[in-house]
Structure formats: C-alpha cells, structure tokens
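Me: Could we go through this model together? I would like to begin with the terms and then move on to the chains.
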There are 2 protein chains.
Amino acid sequence: MQLSYTEENYLKALLKVSFDSGIEAVGTNELAISLFVKPATVNDMLKKLKEKGLVDYEKYGKITLSAEGKKIATYIIRKHRLWETFLYEKLEFSWDEVHDVAEQLEHIHSQKLVDKLDKFLDFPEFDPHGDPIPNRLGELKVQFKKTLSEVAVGGSCKMVAVKDNSSSFLQYVVQVGLGLNNEINVLSKQEYDAILVIEVNGLKSSVSQKFADNIFVVCHHCEVGKICPNTQCTFS
Amino acid sequence: MQLSYTEENYLKALLKVSFDSGIEAVGTNELAISLFVKPATVNDMLKKLKEKGLVDYEKYGKITLSAEGKKIATYIIRKHRLWETFLYEKLEFSWDEVHDVAEQLEHIHSQKLVDKLDKFLDFPEFDPHGDPIPNRLGELKVQFKKTLSEVAVGGSCKMVAVKDNSSSFLQYVVQVGLGLNNEINVLSKQEYDAILVIEVNGLKSSVSQKFADNIFVVCHHCEVGKICPNTQCTFS
DNA sequence: TAAATAAGTTAGGCTAATCTAACAAATTAA
DNA sequence: TTAATTTGTTAGATTAGCCTAACTTATTTA
C-alpha cells in the first residue's frame, strides 16, 4: 500500500502518542496537537485511514492502530532511526541536528534502500538518542528504563536515552555535560519545585523537573531486555 | 525560497529538456511530455513560477529559466547526482537502480546534508552514469563528448556517459558488456537501418541507432574541459 | 496565401489536505 | 443530576496540482 507523506505522519503520530502516554487508545484532540493541525482535520483523515483498514475507530470513540497500521508506523520509525544513525555516525551531524532531517528522509519509499542502509550501518540496535531501532521484522530491543526524576536522592544511574528529541533540549543536555551512557549522581532534590542537583563527570548542575522527566536512565544492574536482578530496582 | 516537490520538478525538467535539446527555450507541450502531465497543467504552473521569478515567460512565447530558477534547478541536479553516487558507491546499488531512489532523495531540504554528503563521498565530479556533478557553486566539469552513433566506421572511442538513465536501457548496456570508461570499436554500420556492430572487450554485438544515440563517448585525445588536440576529432 | 496542423490557453471541475464556525456527545464538577 | 467544560463531528470554504473540453494563436504545407 503506497501511502502519502501525510498519511504516514498520522500513523507515526498515533504510535508515538500512544507510546508516550502509555495508553494505546488515542483521542482526536491529542492527535491534532501532536500533528499541529485542527481536530476537524484529524477527523477527516481518520475516516480515510479507517477506510484503508489502518486504524480501528468508531464515532466518538478512541483511536487505535490496526495490526497493519502498526506495522507501517513501526517501519517509518525504523527508517527514521536508521537515518538518524546514518547522519550521526557517517556524516558527523551532532545529535541535536539529526531529527529534523530524518523527518524528511523517513518518507523515502524503497525497501532496498532501507535494507542496504541497515547493513551499511552494521545493523544498529539504538539510534543517537538511545531509542531502539526496529529490525526488518519490526522487533526492537526493550529497555527497562525510568526517568531521572524517579531516581531517589543519593542514588546513581546511567543515562540511556532522551525522551525529547528537539534540538533545544538536546543542546541543553550537552551543556550540562551529559551524553548517552554517562553516570549521573543525584545529590539533592528541592522539596518545593523538585529542582535536582546532579553530578556528571565531576560537574554539578541544577536541573528542573521538566528536564529530569526527559532523561531516561537505568540502574547499574539493569540489562537490556531482561528483568533486573537488583531487588532495589523499581523497574519492571 | 522553499519550493514544493512539484515546483522543484518543473524547474529540473526545464533544465533537463533545454539541455537535452540543446536549445534554451522550451515549449509548453515539450515540458508536459517530459513531466507526464497535460499542457494545461504546465500552463497553470508556469504562471506560478513566473510569479515567483523563477522562469521568464510570456503568453504564447517560449519558456526559459531565470538566473534564480537555473540556480535552483542546478542544485537539485547536484543533489540527485550526489545521492546516485552515494547509493552506488556506499550502498552497493547497481547503476540501473540508483535513478528512481535519487528522484525522491533529491527533494530533501538540508544544505548541511548536501555538503556533508559531498564531503563523505570525497567531492565526486561524476555520477555513476558519467554525468557531471555541480559543485557547491553550481559549477560542473564539461566534457566534449559525442554519441556512439556519430563515430565513424572503423573508429574507436571510450564510453564516458549514458544519455538515458532508465533501468531498462542500463541493463541492456550491461548485457552488451559495456560500462563506463570501456573501449568501443565500431566495426561496421548498416546503410539501411544504421545498425552498428561494435566490439567491447573482445565481445561483438549488434546495436540499434537508438541504442547508439544514448551512449556518450570521447575520442582518445579528448580531455575533460579542454579543446581536443586531435585535429581528426569532430568535438568542439 | 489559405487551409490544415500543431502548439498553447482558458474555463470549469476534481481530489487531498487543510481551515473556521457551528453543533453534538461525553465527561467532570458543583 | 443538572450544568459547565471538554472533546469530537459536520458543513462549507480554500489551495495546490491535476484533469477535459473548447478555444485561440502560431506554424507548416499544399
């Protein structure tokens, strides 16, 4: 099925919104906000996508991706993350520059291109932001991660991904001396506004709750795709 | 100026048609055929492109690109040929597969991406079909080439490019044992239908006039960008 | 040079993706 | 449990890019 640029973006947004919220069913308004269009526009498109069997949706009900819709959305995510990896690894883009260009590249239609690119990059499992890259079959490595704001005071952890891919956030992360796989010690937390003092490579910084919500971390015992053996670990 | 996919294609087609015909001024019908749309559609778009100052055009007159239009069209050609080179050199696409994917990739908007890609490929001057790649300034290496059908019987030459980039033609070229920079001896030519017998690496083949029209060659004395010192050479 | 043919234009219509404004249903809160 | 608020839908309009059919201008040829 050859979808338009726009249709692909709706499917991708649906997957992204449900993933971010942790709830599979998505509302019209929510989707409209995510796509920077009006709810009426989403409504029109929903009819078309339902017609094509890509979403499950009844009037005034919640929206979910069909199996086929999810497969396509996952494939677009795969392309996006492969391109990000290419830009970062091969073309020396910085991690805050890759997202916008990948937003365009993800819509190139060529199965062969995707497979060849995957091979060229040596079948990477994670992109420059720490997000898992679905393989040819749509499977991806799951990490049992939590956000920095969930880490207890006095605890330490390792940053494995970022939630927000915007360049402004990523530049801020770099400014704090933080990068993928860096150790973070949580020194203190303000009761009133949840401001955290963290230490990275000996550098202390104060960061907001919002910042901490967008940093994904694992404890030192966690392993990718496995239940953590550390009984202290709150991941599951 | 941010142009749509379609507007970019019109500018590119304009440059291509005028280049292929050797005449700068292009007609509405000609352009319509090249873009696989109807003349009426071209007419609408021409008004828009004129409005934007990208073409020079008066009612019932011929169409030419403005300086700005030509600059943009050249930039799209640059992107197309860089991507073809990438696909061929880095991702192991065959030369008959690169064109269609590059048709999509040429519309990605990112100056940085183009410059980085150029550097990654070590600033190539020719693409996999032997066509020159415009540099950052829009300059390109000019070759004084002619077509295989212009070579005299008994003469020999070197293939430097193909005119037709379609996969069906390119597969045929490979089948005849021919590739870029191969030597060709023209053994005989049929008076009646201009069928040529050629020899490539010891392999003899009969090819049509149409085939020979789509193969670009140089004589052994020709050098890129220079007037050929061989007085027998008919290039100029 | 007048008729035939080719090339180019205009008018009006279609679809995809968007919008605004008005309305309807569902949810939340008083 | 009714009223207020939020969420979702419909109707009608707009723009880009395309079409067909009818027309006009330019060019070719008898």
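Reply: Helices (H or I, at least four residues) and strands (E, at least two) are DSSP runs, numbered from the N terminus. This is a predicted model, where local features need pLDDT of at least 70, side-chain atom pairs count only at pLDDT 80 or more, and totals for chains, interfaces and linings use all residues. Residues are numbered from 1 along each chain as its sequence is written, chains are lettered from A in the order in which they are written, and side-chain values use heavy atoms, without hydrogens and water.

Me: What are the helix and strand percentages over residues 3-66 of chain A?
Reply: That stretch is 59% helix and 6% strand, with its end C-alpha atoms 15 Å apart. An unreviewed UniProt entry places "domain: HTH dtxR-type" there; such annotations may be inferred rather than shown by experiment.

Me: Now the interface: how many residues of chain A are in contact with chain B?
Reply: 21 residues of chain A contact 21 residues of chain B (heavy atoms within 4.5 Å).

Me: Which elements of chain A give two or more residues to that side?
Reply: They are α4 (67-89), α5 (98-105) and α6 (111-120) of chain A. The largest share, six residues, comes from α6(A).

Me: And how many salt bridges are there between chain A and chain B?
Reply: The count is four, each a side-chain nitrogen of Lys or Arg within 4 Å of a carboxyl oxygen of Asp or Glu. One of them joins Lys112(B) and Glu97(A) at 2.5 Å, N to O.
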